[in-house]
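Dear colleague,

I am passing on the structure below, and after it you will find a short account of what turned up when I went through it. Please keep it open while you read, so that you can look up each residue as it is named.

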Amino acid sequence: MDKYTFLEKFFIYSAIFIFMTFILLPFVEMFYASLRPLDHLFRSPYQFYSDDLSFWAYREMWNTVPMLGRYIFNSFFLASSVAILTLLFVIPAAYSYARFNFPFKNSSLYILLAINMFSGAVLLIPLYKVLRTFGLLNSYQAMIVPGVAFLIPTSIWLLKSYFEKIPVDLEEAAFVDGASRVQILRHIIAPLSTPGLVVVGIYAFIGAYAQQFLFAITFNQKKEYMPIPSGLYEFIGYQSVKWNEMMAASLVGIAPVLILFIFLQKYIVEGLTAGAVKN
Amino acid sequence: MMNKKLRSFNSPTFLAYALIAPAAIYILLIVAWPVLETIRLSFTNSSLAGEDYVGFENYEKMLSSKKFNKIVTRTFVWMFFSVSLKLFVGLIGAILLNANLRGRSMFRVLIMPPWVVPIAIGMLGWLWLYNGYFGIIAGVGMHTGILDGPFGFLAYKQSAFISTIVADVWVGTPMVTVFFLAAMQGVPKDLYEAAYCDGASRWDRFFKITLPQITPVIITMSILSAIWTFNSFEIIWILTEGGPRGATTTLIIDTYKQALGNYKFGRGAARAVVVMILLTLFAGFYLALLARINKKISHG
């Protein structure tokens with residue numbers, strides 16, 4: 001194939017630079033703001049240069065947001081709980097869809113896709129009632145229960161395609177040889193589908209991490225259960241905002257997920273795009 | 001004997017349903033029931049004070065109000081610009097990152113953050129960028145003389161409308177780019193090699209091979225992003241809460257404001273029903289299309 005000329009390379013790299021600037025500017029600016037003293041931030045017009053950058057905000061934020069550690073823990077705890085619960089519901093269902101034929105199989109799969117298109121924002125009032133009926137408002141469950149529901153549909157589709165890749169012959173041979181279904185599940189399915197389970201688990205974790213705002217501000221008023229986003233927004237509303245510390249806290253809050261994602265992005269992207277691209 | 005055993009292995013209807021039951025019941029309780037309850041509420045005047053059946057009153061009031069009609073129009077205009085921009089920027093991004101150049105795998109990872117990071121955190125960054133006095137965008141405007149003073153991008157009707165679209169495009173573009181990229185890489189290499197041997201230029205190869213080959217994915221992504229954009233709540237809510245003076249109030253925002261801002265559950269529910277009807281239309285369109293594409297593939 002033909003190589004790029006120098007001019008073409010220059011043009012493509014410049015275009016990539018503009019594209020990346022759009023994508024990364026908010027993060028770069030958040031990081032820069034977190035390093036600058038507050039009085040440098042509050043200068044108008046905007047100053048591009050600060051001569052005394054420091055990580056001071058990263059120390060001070062723990063005093064300004066006293067429960068920051070708790071918020072970070074909550075975010076993790078909520079996302080992990082949602083991911084684990086989602087897997088528990090999704091594994092048997094996805095296996096069933098991948099292996100068995102039964103009435104309403106395809107129509108129910110499409111209904112799952114359709115459910116995926118409903119956002120939590122439309123269903124807040126009745127959801128509120130459901131949670132109140134079960135006495136779950138203002139608790140971790142208030143955010144976990146709806147979170148799981150909206151992740152189940154995609155997760156079933158994702159995991160189903162993983163199970164389908166495991167050759168059915170293996171299971172049939174074991175079954176004919178007298179293995180029970182539980183044995184098949186333990187000795188054949190479980191080991192072979194571990195990569196798929198990890199991808200779906202991570203997908204659910206990141207999904208749960210990203211959706212920690214709407215349910216959190218609507219169903220939970222208690223500070224001790226708040227995840228990072230709603231915890232931080234408490235500080236944006238009604239007092240003079242210490243932007244540098246807010247930015248520092250946000251970045252510290254999202255760093256673990258970003259690192260996790262960077263290590264696993266190849267698998268996640270492959271898993272997510274496989275279905276759409278093949279279809 | 002063996003065949004019989006195998007058949008019972010492959011079609012145990014009871015077991016199949018039993019395995020699906022937990023997930024199905026969960027979704028029925030947390031999604032399906034709330035949908036039905038929303039429909040019921042939309043025929044009542046439910047509020048904190050209690051509820052009475054009022055028939056179609058909520059719908060009549062809603063549909064005859066000029067404000068509501070404006071909101072619907074605004075929602076579609078907002079959606080149109082946001083979706084078109086996501087597809088356009090996403091396609092350009094995919095083309096760029098598909099170029100066989102050094103560093104492309106790094107760039108492919110670097111475009112992900114807006115997608116992976118909680119929207120609320122990303123919006124904190126945008127709030128700061130859009131700040132009229134201290135934000136970098138107004139700053140660049142003032143330094144270059146385009147702006148003659150501080151300019152709060154979220155404080156004026158038109159600029160707030162555009163600013164929320166830009167932030168929404170920012171959140172949605174990475175995913176579109178990633179899907180387009182995956183589609184481009186799925187195009188069989190020999191197509192390109194044959195075209196190259198026939199002397200087709202790079203432009204020709206893009207418009208005659210790449211674009212037709214990825215059209216199904218482009219169509220799928222346009223419908224999916226239309227649905228997601230229509231559902232977009234957090235971005236607008238955090239940036240403007242639907243303001244200034246309603247300039248960024250879309251259907252979803254209006255639904256939320258009626259229900260949880262004014263505690264008019266009945267009126268909110270009527271709006272939610274309109275949202276659900278529109279979503280069902282989108283979803284039906286999407287599923288019909290998906291079925292058609294699948295049929296085409298299975299028929300070769």
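Two residues are said to be in contact if their C-beta atoms, placed from the backbone, lie within 7 Å. This is a predicted model, in which local features need pLDDT of at least 70 and side-chain atom pairs count only at pLDDT 80 or more, while totals for chains, interfaces and linings use all residues. Residues are numbered from 1 along each chain as its sequence is written, and chains are lettered from A and ligands numbered from 1 in the order in which they are written.

With neighbours within four places in sequence left aside, V90(A) is in contact with I152(A), S155(A), I156(A), L159(A), V200(A) and A23(B). V90(A) sits in helix α4 (residues 68-99) of chain A, where helices are DSSP runs of H or I with at least four residues, numbered from the N terminus. V90(A) is buried, having 27 other C-beta atoms within 10 Å; a residue counts as buried with 20 or more of these, as exposed with 12 or fewer, and as partly exposed in between.

One of the partners of V90(A) is I152(A), and at I152(A) helix α7(A) has a kink of about 40°, shortly before the proline P153(A); the bend is the angle between axes fitted to the seven residues ending at a residue and the seven starting there. Because 20 of the 26 residues of α7(A) are buried, this helix is largely enclosed by the rest of the structure.

Helix α1(A) bends too, by about 55° at L24(A), with the proline P26(A) following within four residues. Its 30 residues (6-35) would span 44 Å if straight, yet the end C-alpha atoms of α1(A) are only 38 Å apart, the expected span being 1.5 Å times one less than the number of residues.

The contact between the chains takes 80 residues from chain A and 89 residues from chain B. On the side of chain A that touches chain B, α1(A) gives the most, with 15 residues.

Finally, the largest nonpolar core has 160 residues, of which V82(A), V90(A) and M123(B) touch the most other members; such a core is a set of buried Ala, Val, Leu, Ile, Met, Phe, Trp, Tyr and Cys residues joined through C-beta atoms within 7 Å. Domain 1 (6-58) and domain 2 (66-239) of chain A both give residues to this core, so it lies between them, with the domain bounds coming from an automatic or database domain assignment.

With best wishes

Note on methods
Helices (H or I, at least four residues) and strands (E, at least two) are DSSP runs, numbered from the N terminus.
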